[in-house]
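Please open the structure in your viewer and keep the selection panel at hand.

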Amino acid sequence: MLSLIGFAMIAIMMYVLLKGKASPLILFIGLPAIGGLLAGFSPSQIGEFAMAGIEKTSGNAVLFIFSITYFGVMNDVGMFDVLIDKLVKKAGNSVVAITVVTAIIGILGHLDGSAASTVLITVPAMLPIYKKLNIRPNVLLLIVASAMGVMNLLPWGGPTVRTAVVLGMDANILWKKLIPIQIIGVITTIGLAIILGLRESKRGAGISSDSKDVAMSQVAATVDEKVAALKRPNLAWFNILLTTIVIGILVVDAIPATLVFMLALCAALVVNFKTVKEQEGRIKAHAASALLVSATMLASGVFVGVLNDSGMLTAMSEAVLGLIPASAGPLIHLIMGVFALPLGMILGTDAYFYGLLPLVIKVAETYGITAINVALTMIIGKNVALLISPLVPPTFLALGLADIDIKEHIKFCFGWLYAISLIMLVCGVIFGIIAI
């Protein structure tokens with residue numbers, strides 16, 4: 001009975017998320033409440049399960065509030081604008097240099113963990129240059145997709161935080177285990193940019209088209225007056241230094257990550273904006289996205305808490321065990337890692353991490369595979385699928401800006417991104433981060 005209710009909850013969640021019929025927040029709260037009652041638990045018991053789950057997610061939810069607001073402010077003040085401008089100017093008309101610069105901008109642009117802002121930073125800025133040099137826009141989106149997928153492993157990235165919620169651990173601790181794999185991903189992304197640049201050069205890219213494209217570059221360089229008023233080019237050195245210090249402290253884990261972002265946000269607001277009105281204005285500007293993500297994170301605790309503490313997850317894993325061949329059991333985490341990218345594309349982020357991951361963890365434990373080992377394997381490939389999933393809104397934002405069809409986009413990017421996913425997975429095994 002428990003396994004049937006558990007499977008029904010996950011199936012309904014996946015279906016509704018795929019169809020876009022309801023917010024994840026509603027599903028994470030409503031489904032476990034109904035499922036718990038159908039399973040025969042009292043409201044007070046369901047409340048205990050839910051609060052136990054919320055307790056595990058609250059720390060990461062608070063981290064999200066301050067990290068999103070901090071990087072939102074950094075984006076407002078144009079932290080990397082000066083650096084990006086210099087990189088683009090230095091690249092000139094070199095196709096390879098342009099593709100490498102695209103990778104660097106994508107990597108830096110995704111420091112805030114926001115896919116939408118990364119797309120808005122990279123695509124409008126680089127697309128006119130790509131058109132001018134006759135580089136296919138598909139190449140631009142592929143490089144951005146790879147950069148975003150790799151950088152999304154940061155502790156304030158959605159997949160990492162979701163995985164930490166399922167594991168009941170601090171997102172920063174999980175990220176520290178992923179750092180070597182993330183470094184490999186960054187190197188691979190730049191390598192991909194070089195390869196694509198060389199391929200485009202062989203296709204004849206690098207020859208300027210008509211003056212219309214040059215004009216487009218000039219149009220792209222113009223900035224809305226309200227946006228321009230927030231820029232602080234004279235404080236770029238401070239903002240870059242502050243962000244470098246923040247990341248450094250997170251790596252050495254000297255101070256809790258949440259407190260780091262609280263202090264950094266205070267410093268950023270005080271230095272960049274002199275009046276209380278300006279400071280509060282920046283907080284309000286990013287409050288909506290910070291609150292939505294954090295509220296969803298807390299709601300996910302209800303779902304995970306009821307699924308775990310009610311015994312549903314155990315019952316589901318026992319049912320699945322009967323379907324898995326004995327020879328495949330000890331390798332289940334590696335099998336899931338290999339198929340993580342296509343599964344991530346199909347299921348989307350929430351269904352993948354809150355529906356599939358807990359079930360695989362429970363099944364794998366039967367074969368002596370630790371939860372952290374399963375999580376590390378499954379998070380790597382899923383991240384790289386970020387900008388080719390039809391369930392991710394920024395995918396359509398990027399496609400709209402570049403005027404590319406989604407089928408064409410997936411066909412062009414899938415093989416390259418899958419290769420990067422597998423390279424990172426293999427490196428994780430070689431480095432001993434993922435145990436066989």
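Helices here are DSSP runs of H or I with at least four residues, numbered from the N terminus. Keep in mind that this is a predicted model.

**First stop: a loop residue**

Select Asn152, in the loop that runs between helix H7 (137-151) and helix H8 (158-167). Is Asn152 buried or exposed? Asn152 has a relative accessibility of 4%, so it counts as buried, the cut-off for that class being under 20%.

Now show what surrounds Asn152. Setting aside neighbours within four places in sequence, its contacts include His110 and Gly113. Gly157, Gly158, Pro159 and Thr160 also touch Asn152, as do Asn383 and Leu386.

Zoom in on helix H16, residues 332-338, where you will find Ile335. The relative accessible area of Ile335 is 36%, so this residue is partly exposed. Val338 lies in helix H16 too, and with 32% relative accessibility Val338 is likewise classed as partly exposed.

**Last stop: across the sequence**

How far apart are Val338 and Leu422 in space, C-alpha to C-alpha? The distance is 6.7 Å, although 84 residues separate the pair in sequence. To finish, display Tyr418 and Leu425 as well: along with Leu422, they are in contact with Val338 once neighbours within four places in sequence are left aside.

Methods: Residues numbered from 1 in each chain as written. Predicted model: local features only at pLDDT ≥ 70, side-chain atom pairs only at ≥ 80, totals over all residues. Heavy atoms only, no water. Helix = DSSP H or I, 4+ residues; strand = E, 2+ residues; numbered from the N terminus. Buried < 20%, exposed > 50% of the residue type's maximum accessible area, 1.4 Å probe, protein only. Contact = heavy atoms within 4.5 Å.
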